[in-house]
Amino acid sequence: MKGKGRRNAPQKPKTGPVSPNSLLHGLVISHLGQGLAVETPDGNIILCQTRRRLGDVAVGDRILWAPSEDGLQGRVEEVLARSSVLVRPAYAGKNKVVAANLDRVFVVISPAPQPDWLLVDQYLAVCEFRVIPAEIIYNKIDLAENEGQALAELNDYVRIGYPVHPVSARKGLGIVELKQALHEHCSMLAGQSGVGKSSLTNALLPEKNLRTNEISERSGLGRHTTTAATLYHLPAGGDLVDSPGVAVFGLADIKGQDLAWGYREFQAHIGHCRFNDCRHINDKGCAVREAMEKGEIAPARHQRYLKLLDKLAQPDTVWE
Ligand SMILES: Nc1nc2c(ncn2[C@@H]2O[C@H](COP(=O)(O)OP(=O)(O)O)[C@@H](O)[C@H]2O)c(=O)[nH]1
Ligand SMILES: [Mg+2]
Ligand SMILES: [Zn+2]
């Protein structure tokens with residue numbers, strides 16, 4: 001102990017000296033007002049404080065923690081290596097981790113509100129950079145006048161390997177298949193407001209409210225707010241991170257010159273452009289452009305790439 005300050009700090013859980021052997025494994029399942037809700041391997045939930053030096057500890061993080069003397073609370077001592085992170089821009093040019101260890105992102109669109117394809121591309125690009133496989137949920141299929149036509153709009157994405165799930169949260173269509181797709185993954189739903197993310201979450205997780213209350217009660221102090229990101233275990237298998245406040249994540253630290261990589265069908269061509277610093281706009285000898293002219297790359301995707309590039313070039317863009 002260096003100073004008295006720490007010993008006297010109010011409201012911090014008392015912790016004894018930590019020997020590495022006494023550290024326990026845990027999974028961060030929610031951010032509560034007073035700390036983190038950590039689930040232990042045997043299914044207990046304990047409120048943990050974290051240490052400044054650990055930086056962001058996010059929902060989905062696997063951690064090592066030490067119990068306080070009374071065993072009622074804990075303190076995070078180590079964040080284990082992450083397989084992925086999603087970040088969003090925060091204050092002062094910094095990024096905040098939205099969720100860790102996701103291995104699937106489902107981009108939700110619907111006939112109404114109409115798809116914002118630029119936003120869809122943005123989500124997919126982020127997933128390419130974060131190496132998180134992405135899939136597309138077409139919700140409110142009950143509202144589509146012609147289902148085949150509606151889904152045909154997604155052909156450009158299907159062709160490049162993004163699975164599409166037509167569902168209706170309201171009518172319960174496609175939900176069984178969606179549960180299958182979520183099985184054995186830790187997923188998050190992303191999409192513009194109004195497409196039905198909350199409705200889908202309720203369809204997948206009817207006991208969500210019960211579980212939320214349970215987390216608050218079992219962790220003792222924590223008042224759970226509706227905007228708190230929370231990891232839920234789905235009854236049919238798999239985990240779902242519900243992150244209402246940050247359903248939209250940004251391109252954050254992605255730079256214009258790298259954006260092309262976020263378009264997965266460009267990836268094989270990028271190295272074959274005549275110039276190393278090719279921006280794939282109308283540069284001479286651009287292999288991406290040539291692929292598009294040969295019909296291997298959808299012109300609509302390339303056009304949106306140009307738009308996103310433009311947006312990235314504007315210094316004060318807030319990525320929402
Ligand atoms: N017709 C229809 N409406 C839906 C469906 N899913 C959600 N909605 C409605 O769409 C609106 C927005 O849904 P919500 O889940 O709040 O969207 P969120 O903003 O993405 O969380 C609500 O009025 C829902 O009742 C669906 O499958 N079909
Ligand atoms: Mg919602
Ligand atoms: Zn090029």
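Predicted model: local features only at pLDDT ≥ 70, side-chain atom pairs only at ≥ 80, totals over all residues.
Colleague: Which residues coordinate the zinc ion (ligand 3)?

Modeller: C273 (SG), C278 (SG), H280 (ND1) and C286 (SG) do, at 2.1 to 2.4 Å. A donor has to lie within 2.8 Å of the metal. In sequence the donor residues are spaced C-x4-C-x1-H-x5-C.

Colleague: What makes the arrangement around the zinc ion (ligand 3) tetrahedral?

Modeller: The angles. The four donor atoms subtend 103 to 116 degrees. Four donors count as tetrahedral if all angles lie between 85 and 135 degrees. The angles here fall in that range, so the arrangement is tetrahedral. Ideal angles for four tetrahedral donors are 109.5 degrees.

Colleague: Why is C278 called buried?

Modeller: Its relative accessible area is 8%. Buried means under 20%, so C278 qualifies. C286 is buried as well, at 2% relative accessibility.

Colleague: And H280, is that residue buried or exposed?

Modeller: H280 is buried, because its relative accessibility is 4% and the cut-off is under 20%. H280 sits in the loop between α8 (267-270) and α9 (287-293). H280 also has a positive phi of about 60 degrees, although it is not a glycine.

Colleague: Where is V131, and what is its phi?

Modeller: V131 is in the loop between α2 and β9 (134-138). Phi of V131 is near 55 degrees, a positive value in a residue other than glycine.

Colleague: Why does V131 count as exposed?

Modeller: Exposed means over 50% relative accessible area. V131 has 69%, so V131 counts as exposed.

Colleague: What makes E77 buried?

Modeller: E77 has a relative accessible area of 10%. That is under 20%, so E77 is buried. E77 belongs to strand β5 (residues 73-79). Its side chain makes a polar contact with the side chain of R75, at 3.1 Å.

Colleague: How do you know that S199 makes a polar contact with ligand 1?

Modeller: A polar side-chain atom of S199 lies 2.6 Å from an oxygen atom of ligand 1. A polar contact needs N or O atoms within 3.5 Å, so this pair qualifies. In the side chain of S198, an N or O atom is 2.9 Å from an oxygen atom of the ligand. For N139, the distance to a nitrogen atom of ligand 1 is 3.2 Å. Taken alone, ligand 1 exposes 580 Å², and the protein buries 73% of that.

Colleague: Which residues come nearest to ligand 1?

Modeller: D142, G194, K197, S198 and S199, of the 15 residues around ligand 1. The shell divides into three nonpolar, eight polar and four charged residues.

Definitions and conventions: Residues numbered from 1 in each chain as written. Chains lettered and ligands numbered in written order. Heavy atoms only, no water. Donors = N, O, S within 2.8 Å, 3.2 Å for Na, K, Ca; no water. Tetrahedral: all angles 85-135°; square planar, octahedral: opposite > 155°, others 65-115°. Buried < 20%, exposed > 50% of the residue type's maximum accessible area, 1.4 Å probe, protein only. Near = heavy atom within 4 Å. Polar contact = N/O pair within 3.5 Å; in protein donor to acceptor, adjacent residues only side chain to side chain. Areas by Shrake-Rupley, 256 points an atom, 1.4 Å probe, with all protein chains shown as cover. Nonpolar A, V, L, I, M, F, W, Y, C, P; charged D, E, K, R; others polar. Helix = DSSP H or I, 4+ residues; strand = E, 2+ residues; numbered from the N terminus.
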